[in-house]
Amino acid sequence: MSLQLPAPVLRIDGLSTEFFTPGGNVCAVNKLSMRLQQKETLCLVGESGCGKSVTALSLMRLIPEKQGAITSGSIHFEDKDLAVESESTMRRIRGNKISMIFQEPMTSLNPVITVGDQISESLRIHKKLSSRQATKIATDMLALVRIADPARRALEYPHQLSGGMRQRVMIAIALACEPSVLIADEPTTALDVTIQAQILELILELKESVKTSVLLITHDLGVVAEVGQRIAVMYAGRKVEEGPVNDVFDQPFHPYTQGLLESIPRRGSSSKVGPSRGQLPEIPGFVPSIREASVGCAFATRCKKASPQCGVSAPELVAQSDDRAVACWHPNFD
Amino acid sequence: MADEVIEVNDLKKYFPIQRNFFTKTTLAVHAVDNITFSIREGETLCLVGESGCGKSTAARTVLRLLEPTSGTIKLKGKDISTLSQQQLWHHRQHMQMVFQDPYASLNPRLTAESIISEPLTNYFRIPSDRLREQVRTLLEKVGLRADSIQKFPHEFSGGQRQRLGLARALALNPSLIVADEPVSALDVSVQAQVINLMVKLQDEMKLAYLFVSHDLAVVEHIGHRVAVMYLGRIVELAATADLFNSPLHPYSQALLDAAPEAKVGVKRVRKVLQGDVPSPINRPSGCHFHTRCPHAMPKCQTDSPALIAVDDDRWVACHLVAHF
């Protein structure tokens with residue numbers, strides 16, 4: 001089931017993350033394997049609760065110890081296995097070699113520290129720069145993310161900035177140490193569309209200049225179509241489909257991917273006579289709770305192709321070609 | 001036109017925020033500034049715009065959940081903008097609201113039955129067996145099982161809760177439903193279910209929808225007409241197909257251009273709009289959009305363009321368009 005590609009920057013094998021709840025362990029990420037190639041943008045897509053954010057937190061080893069843990073699998077980065085590395089090694093990697101942008105820029109910035117200091121912090125810690133050097137680079141970073149008047153802005157606090165500017169500051173913090181992997185967890189969901197367009201463009205541009213690989217987590221298939229190179233679709237903790245964005249959008253193999261793509265209203269649907277208002281193809285039912293351990297395929301109850309086999313055993317992810325894989329008993333190859 | 005369910009004229013809603021003690025001047029958020037629109041029976045008018053443009057405030061002010069600063073709101077020909085709360089009570093049954101967050105807008109301690117029957121018992125005295133029958137009919141109408149009548153909101157999924165919210169709104173057989181981002185809190189795979197349901201109910205019951213959304217693909221799918229708002233003003237009001245095929249206002253163009261499309265193969269060259277939305281407290285002079293507009297002229301900084309009709313049922317507020 002492995003995909004034959006040149007050495008990836010980040011290789012995840014059979015990663016499972018569980019949370020400890022009074023009702024027993026809940027498996028939020030289930031045997032996930034994934035590769036992030038150099039300088040590519042991989043989009044991790046799925047609905048709320050499918051485990052995409054937990055995957056990101058697991059990679060950074062940010063799952064709170066008392067609440068959950070990585071129970072199996074490995075995360076290969078450089079020559080280390082991040083799943084078992086010590087906390088002190090992780091601290092040297094976070095924000096330095098792998099960094100992360102969160103969804104809500106206001107809650108992830110420190111409200112009582114100036115944005116300049118927040119950017120220079122990682123430079124001082126990881127690159128051992130003097131505070132003067134760090135401040136200078138912080139100002140350059142602000143200019144790089146296109147904040148006007150960076151020297152003055154560096155001395156301001158997050159509440160003095162707009163939402164779009166805060167997200168730019170987050171990006172500046174994340175890219176200050178020129179990481180090899182950037183994890184962006186719904187970076188534009190909290191932003192307006194015109195600002196979203198600016199931020200996405202910025203991430204793509206900086207990706208080229210800093211030479212970093214991007215793992216973009218989103219639920220918005222529009223964003224995927226615009227910026228992604230490869231897409232991995234998750235459902236109920238498992239990866240159900242993976243492939244180049246163009247191919248997956250053209251011909252989704254998994255019925256869930258197909259359903260998702262069909263169910264979103266399309267632009268350009270209105271004609272001269274008015275809006276189409278036609279029936280959108282629905283995926284019946286709702287997203288299952290991961291608390292209910294399912295036997296068989298988690299999508300079976302909502303799937304129009306479901307057969308008795310689907311209710312009994314869960315399909316493995318099977319490679320269909322060099323770069324495509326799907327986990328389904330009845331993939332759509334028409 | 002006779003079949004207009006709601007007519008809003010020059011509606012304003014300002015929120016005063018700070019008063020200078022010496023000069024007695026008041027700073028205010030101009031959330032809704034002189035908006036005019038109407039919605040016919042069986043028609044969907046969509047309000048679109050970015051956060052802070054006043055679309056939600058406009059929706060709430062139309063229902064008089066917020067008191068308008070000035071302007072008139074005619075519900076079926078009757079001006080409700082100045083009625084007392086008591087007089088308004090009689091008219092409220094004709095206009096209902098569906099909220100964005102189906103988790104926050106349903107009382108967690110009430111059963112589905114109490115949630116849906118509350119509006120009914122508020123206005124009518126109905127014997128309990130008939131009431132229960134009505135609740136069951138309503139549940140079935142929105143695609144829920146009639147036997148889920150004793151369930152609490154937490155026993156429903158997000159999409160089902162939004163159906164419950166719709167059933168509550170439909171209970172009094174209203175003419176107007178104001179829906180504030182009704183599908184944006186839902187998972188992508190269940191959004192289509194709720195959109196289909198809303199279209200079906202509208203066709204069956206001849207409902208008028210005021211549909212507030214930031215999702216342009218949803219708007220294009222469901223809306224008959226669209227009003228684009230920017231900083232409290234309507235900058236363009238047009239039939240959906242006209243707006244999406246040939247937006248006239250530079251802001252509408254930028255908004256349509258910025259929205260990502262779930263379509264591959266066609267890599268568009270985007271004109272990304274620079275800068276942020278200015279503060280609604282301290283708005284730019286003249287045309288509010290001139291600070292970000294690629295076509296701004298000197299005139300735009302001083303004169304505020306009026307919303308003028310360029311065609312039947314098509315209105316634009318822009319100096320460029322006025323030149324035609």
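Predicted model: local features only at pLDDT ≥ 70, side-chain atom pairs only at ≥ 80, totals over all residues.
Biologist: In what order do the strands of the open sheet in chain B stand?
Modeller: The open sheet of chain B is formed by 8 strands, and their pairing is mixed. Read across the sheet, the order is 6-7-8-3-9-10-12-11.

Biologist: Which strands of chain B stand at the edges of this sheet?
Modeller: A strand at the edge has a single partner strand, so one side of that strand is left without a neighbour in the sheet. In chain B this holds for strand 6 (95-98) and strand 11 (308-311).

Biologist: Which residue stands opposite B:Val48 in strand 9 of chain B?
Modeller: Strand 3 (residues 44-48) and strand 9 (residues 225-230) of chain B run parallel and are joined by 4 bridges. The residue of strand 9 opposite B:Val48 is B:Val228.

Biologist: At about what angle does helix 5 of chain B run to strand 6 of chain B?
Modeller: Helix 5 (residues 158-170) of chain B lies across strand 6 and strand 7 (176-180) of that chain. Its angle to strand 6 of chain B is about 175 degrees.

Biologist: Which helix of chain A gives the most to the side that touches chain B?
Modeller: The contact takes 46 residues from chain A and 40 residues from chain B. Several helices of chain A each supply at least two residues of that side, among them helix 9 (221-227) and helix 10 (245-250). With 7 residues, the one that gives the most is helix 8 of chain A.

Terms used
Residues numbered from 1 in each chain as written. Chains lettered and ligands numbered in written order. Pairing = 2+ DSSP bridges. Contact = placed C-beta atoms within 7 Å. Axes fitted to C-alpha atoms, helices over the stretch in contact; angles between N-to-C directions.
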